[in-house]
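Dear colleague,

I am handing over a structure for you to look at, and below it I have written down what was found in it. Please keep it open beside you while you read.

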Amino acid sequence: MLKISTTPHIFSPVTTQSLMRDVLIALTPAIIVALLMFGIGALKVLLTSVAACVMFEYLITRYLLKTANTIRDCSAMITGVLLAFNLPSSMPAWMILVGAFVAIGITKMAFGGLGKNIFNPALAGRVFLFISFPVQMTTWPKPDFLNFMNIDAETAPTTLNILKHINDTGSAAFRNAASSLPDYRQMLIGNMGGSLGEVSALALLLGMFYMLWKKIITWHVPVSIFVTVFVFTGIMHLVNPVQYASPFVHLLSGGLMLGAIFMATDYVTSPMSKSGMIVYGVGIGILTTVIRLFGSYPEGMSFAIFIMNGVTPLINSYMKPKHFGGK
């Protein structure tokens, strides 16, 4: 008996929930480092962000869209963790709620929910908060390893912030801070100021290796970003090593690792073909380097991914994956 059905015809046991669960496992090392370094402040930011994202998605699906409950797929939880990873541990709770609403209510659900959003929800929430509350978003508590109850933490500029202003006239504070810049080992383990998810390059790399092993992501996007940033910052460092930092500093500091591994690789907002992913990653790397070295902001990763999210449909239209059986 011949059975006729619509596509897809290939069954896979992989579900959205299982994918999100694996992403959460990949984020676990960075979560642990954030809690160890920033203590109760990090815990408050994480819990508030996750709870707000899940709550907004539940309320919108039930009372506005009147559709099936989608919080069980764990995508709102991942958005909450990623949003928290882009915030300092001193971020006020009400501002986190605003960012969560922008991420879930406007960027995700207003476009139809998971799989239909144009921009990465957590990234949109972060950019909105950065533009709306620049002081709170750039107040970075110093990490204090294992001092979990350290609520009134001392603040200090981040590595990229110091490097950005170290040669400015009248920036004596930044020149003084430069004497205590973290070394590569400290950058790897996370002993430096910054947002919750950007401080430990090693923890983020462990998450990347896990996702590569589980085949959740491919190497094309993160590696193309890393190589592009390394090459261009390396060239500038060779030209003027006094003014421009080593390419290793750019790789290990700021939100480069977090953005390249967990945000730029988002299925919905990144290209479908492997060649498109490389173009996408190179674009992010170039934009990040230009903003970091020549722009007014010390960090450019969020804006670079945000811009390339908008370019993704154009990349997909010119670099389509081969159809099944095609040459």
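Predicted model: local features only at pLDDT ≥ 70, side-chain atom pairs only at ≥ 80, totals over all residues.

**Helix 5 and helix 15**

On the side of helix 5 the contact is made by Leu 123, Ala 124, Arg 126, Val 127 and Phe 130, while helix 15 brings Ser 302, Phe 303, Ile 305, Phe 306 and Asn 309. Sorted by class, this contact has seven nonpolar, two polar and one charged residues.

**Two further helix pairs**

Two packed helices are described by the angle between their axes and the distance between the axes, and the next two pairs can be read in that way.

The axes of helix 11 (residues 220-239) and helix 13 cross at roughly 155 degrees and come within 8 Å. Helix 11 and helix 13 are therefore roughly antiparallel to each other, and their crossing is right-handed. Helix 11 makes the contact with Val 221, Pro 222, Ile 225, Phe 226 and Val 229, and helix 13 makes it with Leu 256, Met 257, Ala 260 and Ile 261. The contact of helix 11 with helix 13 has nine nonpolar residues, no polar ones and no charged ones.

Helix 3 packs with helix 4 (residues 93-108) at an angle of about 135 degrees, and the axes are 11 Å apart. That angle makes helix 3 oblique to helix 4, and the crossing of these two helices is right-handed. By class, the contact of helix 3 with helix 4 has six nonpolar, three polar and one charged residues.

**Cavities**

Rolling a probe the size of a water molecule over the atoms shows where empty space is left. How many cavities of 30 Å³ or more does a search of the whole structure find? The search finds three.

The largest cavity holds about 280 Å³ of space. Its lining has 23 residues, and Arg 126, Trp 140, Glu 198, Gly 255 and Glu 299 lie nearest the centre. Helix 5, helix 7 (159-165), helix 13 and helix 15 (301-318) each give two or more residues to this lining, and the largest share, four residues, comes from helix 15. The lining of the largest cavity divides into eleven nonpolar, nine polar and three charged residues.

The second largest cavity holds about 40 Å³, and among the residues that line it are Thr 158, Thr 159, Met 192, Glu 198 and Ser 253. Its lining has three nonpolar, five polar and one charged residues.

**The largest pocket**

About 460 Å³ of space lies in the largest pocket. Of the 23 residues that line this pocket, Met 20, Ile 78, Leu 114, Asp 266 and Tyr 267 lie nearest its centre. Two or more residues of the lining come from each of helix 1 (16-38), helix 3 (75-85), helix 5 (121-132) and helix 13 (256-263). By class, the lining of the largest pocket divides into 15 nonpolar, six polar and two charged residues.

With best wishes

Methods: Residues numbered from 1 in each chain as written. Heavy atoms only, no water. 1 Å grid on protein atoms, 1.4 Å probe; cavity = no way out; pocket = protein on both sides within 12 Å on 5 of 7 lines; lining within 4 Å. Points joined across faces, edges and corners; volume = space filled by probe spheres on them. Nonpolar A, V, L, I, M, F, W, Y, C, P; charged D, E, K, R; others polar. Axes fitted to C-alpha atoms, helices over the stretch in contact; angles between N-to-C directions. Parallel < 35°, antiparallel > 145°, perpendicular 65-115°, else oblique. Left-handed = near helix turned anticlockwise from the far one by under 90°. Contact = heavy atoms within 4.5 Å.
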